[in-house]
Amino acid sequence: MIEFCGLQLQHPIVNGSGTFDAIAARRAFGDALLADFPFSAFVSKTITLQPRAGNPPPRLWEAQAGMINSIGLPNRGLEGYLEYDLPQLAQLPVPLITNVMGSSEDEVARLVEAIDERDEVAAIELNVSCPNVRTGLDIGADPRSLAALVRAVRPLARKPLIVKLTPNTADVAAVAAAAEGEGADAVSLINTLRATALAPSAKRPWLGGGTGGLSGAAIRNVALSQVAAVAGRISLPIIGMGGIASGTHAVDLISVGAALVAVGTENFRDPCAGSRIASELKSLQIRH
Ligand SMILES: Cc1cc2nc3c(=O)[nH]c(=O)nc-3n(C[C@H](O)[C@H](O)[C@H](O)COP(=O)(O)O)c2cc1C
């Protein structure tokens, strides 16, 4: 057992938000999914206050070593999440972390307050890769915007608050320090790197959303660098992620300062990746 923000977890491997649909997996695999759940905690995909349809297709581009997605955070909105998704996610055999995002302090406050009331949820992850409605810059790109947001919402949550940082910033450690300074309990990183794919013949953006986010093997070394920079600056526990596909990759992120490791893009190739990586990690830790 390991302890993370007061949660007791069987092993250090969790999922990256939006990369494993536990409700669809339960439909596909039935109760076998619950008997051998791949992660020690489950992170929901991002929910927003209002329902979102997501971006127009195409939404995915296969890059040479990873993929670019412009899914656009489709979700049922807060009310739909509480009514349809939460009762199903509450049946999972592991603690539930609900990931939320809003484009203003007021929106985030309403999400945090509503989720904090629910006993089914163990912790809240705040996705700050969202443009600030006033400045147009991503909230998580700027230490001052992020500090203001965390200062406003921190008092509203009794549950642990994890801030999911964006890598699309000049100084990720400064942003992490702002989150720590305002009372976050943990940080998670990295989210996807902003990226563009061009349609092969027409030389215009391929993805319906225009730009997208690069994930997978291509960003693994960026994740190592950013997790190390954040670990060198703050003392909060870190959930590290970015291109993790094996126990060796997980060991690397832990060795630069991650307390937990999240698996994202690899889940699309292998839905059992979480269990495989957890057992590879265990063997490597025993050997060393
Ligand atoms: C298809 C897809 C959907 C994602 N959806 C979300 C999301 O809803 N919220 C979020 O915070 N991150 C989301 N992410 C980012 C991942 O959680 C993770 O931070 C990122 O992909 C890096 O890890 P990886 O290289 O292992 O995929 C998404 C990533 C992908 C590939």
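This is a predicted model: local features need pLDDT of at least 70, side-chain atom pairs count only at pLDDT 80 or more; totals for chains, interfaces and linings use all residues.
# Notebook: helix packing

I started with H5 and helix H6 (residues 172-181), whose axes come within 8 Å and cross at roughly 20°. For my own reference, axes are lines fitted to C-alpha atoms, for helices over the stretch in contact, and angles run from 0 to 180 degrees between N-to-C directions. I note that this makes H5 roughly parallel to H6 (angles under 35 degrees count as roughly parallel, over 145 as roughly antiparallel, 65 to 115 as roughly perpendicular and the rest as oblique). On the H5 side I found Pro143, Leu146, Ala147 and Val150 making the contact, and on the H6 side Ala174, Val175, Ala178, Ala179 and Gly181. Contact here means that the C-beta atoms of two residues, placed from the backbone, lie within 7 Å.

Residues are numbered from 1 along each chain as its sequence is written. The helices (H or I, at least four residues) and strands (E, at least two) are DSSP runs, numbered from the N terminus.

**Two alanines of H6**

Next I looked up alanine 178, which is found in helix H6. Is it buried or exposed? Alanine 178 is buried, with 24 other C-beta atoms within 10 Å (buried takes 20 or more such atoms, exposed 12 or fewer, partly exposed is in between, and C-beta atoms are placed from the backbone). Skipping neighbours within four places in sequence, I see alanine 178 in contact with Pro143, Leu146 and Ala147.

Alanine 176 also lies in helix H6, and it counts as buried with 29 C-beta neighbours inside 10 Å. What does alanine 176 touch, not counting residues up to four places away in sequence? I listed Leu165, Val187, Val230, Arg233 and Ile234.

**H4**

I checked the length of helix H4 (residues 105-116): at 1.5 Å a residue its 12 residues should span 16 Å, and its end C-alpha atoms are 16 Å apart, which agrees. The expected span is 1.5 Å times one less than the number of residues. Val108, Leu111, Val112 and Ile115 are buried in H4. Seen down the H4 axis, the buried residues fall within an arc of 95°, so they line one face of the helix; the arc is that of the directions from the helix axis to the C-beta atoms. Their cover includes helix H3 (77-89), strand S7 (96-100), strand S8 (123-127) and helix H5 (143-153).

In H7, I found Arg220, Ala223, Leu224, Gln226, Val227, Val230 and Ala231 buried. Covering them are, among others, H6, strand S10 (186-189), strand S13 (238-241) and H8.

The axes of helix H7 (residues 220-233) and helix H8 (residues 247-255) come within 9 Å and cross at roughly 25°. H7 and H8 are therefore roughly parallel to each other. Arg220, Ala223, Leu224 and Val227 of H7 meet His249, Asp252 and Leu253 of H8.

Last, I saw H8 pack with helix H10 (residues 273-287) at an angle of about 65°, their axes 8 Å apart. That makes H8 roughly perpendicular to H10. I noted Gly247, Thr248, Ala250 and Val251 of H8 in this contact, with Ile277, Glu280, Leu281, Ser283 and Leu284 of H10.
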